[in-house]
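Me: I would like a close look at a single part of this model. Please take the metal site and what surrounds it in the chain.

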Amino acid sequence: MAKRPSPFRIKTHRIYTPAEAAEVLKVHRQSVRRWITQHGLTADTSRKPWLIKGSDLKNFLGHRREKRRCKLQLHHCYCLGCKGPREPDGKMADYQQHSPTSGMLTALCPTCGSLMHKVIRRDDLDAIQAKIEVTIQRPSPRLVSRTDAPLNVTFQQEANDHAKTQR
Ligand SMILES: [Zn+2]
């Protein structure tokens, strides 16, 4: 697959024609035209050749890259409210263990205030705590009984029963 066009090649204060932009970014000229006609890249199309501000092009490519980069940083959550990766508001989050190896990180979106959730591996918790303040929550009985707790409860009961019979 072709390399993604890199916004770093674009000079913010230059004005580009689609042909020049295509040249710098090593993409087809038609791609640049499509960015303008179909994907919302701002350009002056009132005359030929079309003119694109370097800053607009840079922003446009930057956003596309961001969208593609689905992998979030460990301590970031994806906000469904404003649709983007966000660092938890106030760099604070709650963590609730859901299974021996994973749990749920809950935080507020700093942009829109939505509640964000993210399933994380228990092993990643330390790395996340290095970045933000994480409050470890006790498992809520409601959640627990709904998910993997029946197993735990069964084990617990068996253990208890076992203990009893031992006595
Ligand atoms: Zn948000």
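Is Cys82 buried or exposed, or partly exposed, and why? Please go on from there to the rest of the site and the strands.

Reply: This is a predicted model. Cys82 is partly exposed, because its relative accessible area is 24% and the buried class ends under 20%.

The zinc ion takes its protein donors from Cys79, Cys82, Cys109 and Cys112. Each of these gives its SG atom. The donors lie 2.2 to 2.3 Å from the zinc ion. Along the chain they follow the spacing C-x2-C-x26-C-x2-C.

Now the geometry. The angles among the 4 donor atoms run from 104 to 113°. For four tetrahedral donors the ideal angle is 109.5 degrees.

Next, the strands. β5 covers residues 92–97 and β6 covers residues 102–108. These two strands pair in the antiparallel sense, over 4 bridges. Within the pairing, Tyr95 stands opposite Leu105 of β6. β5 and β6 form a hairpin, with 4 residues between them.

β6 also joins β7, which spans residues 115–121. Here 7 bridges link the strands, and they run antiparallel. Gly103 has Ile120 in β7 as its bridge partner. This hairpin has 6 residues between its strands. Gly113 takes a positive phi there, near 80°. In a regular strand, side chains alternate between the two faces of the sheet.

Then the charged pairs. Side chains of opposite charge can pair when their charged atoms come close. The count for this model is 3 salt bridges. One of them joins Arg121 to Asp124, with the closest N and O atoms 3.2 Å apart. Arg121 is partly exposed, because its relative accessibility is 48%. Asp124 counts as buried, because its value is 15%.

Arg47 and Asp44 meet in another salt bridge, at 3.2 Å from N to O. Arg47 is partly exposed, with a relative accessible area of 47%. Asp44, at 27%, counts as partly exposed. Arg14 forms a salt bridge with Glu20, and here the closest N and O atoms are 3.3 Å apart. Arg14 is partly exposed at 36%. Glu20 is partly exposed at 33%.

Note on methods. Residues are numbered from 1 along each chain as its sequence is written. This is a predicted model: local features need pLDDT of at least 70, side-chain atom pairs count only at pLDDT 80 or more; totals for chains, interfaces and linings use all residues. Side-chain values use heavy atoms; hydrogens and water are left out. Donors are N, O and S atoms within 2.8 Å of the metal (3.2 Å for Na, K and Ca); water is not among the atoms, so sites may look incomplete. Four donors count as tetrahedral if all angles lie between 85 and 135 degrees; four count as square planar and six as octahedral if opposite donors are over 155 degrees apart and all others between 65 and 115; anything else is irregular. Buried means under 20% relative accessible area, exposed over 50%, partly exposed in between (1.4 Å probe, protein chains only). A salt bridge is a side-chain nitrogen of Lys or Arg within 4 Å of a carboxyl oxygen of Asp or Glu. Two strands pair if DSSP finds at least two bridges between them.
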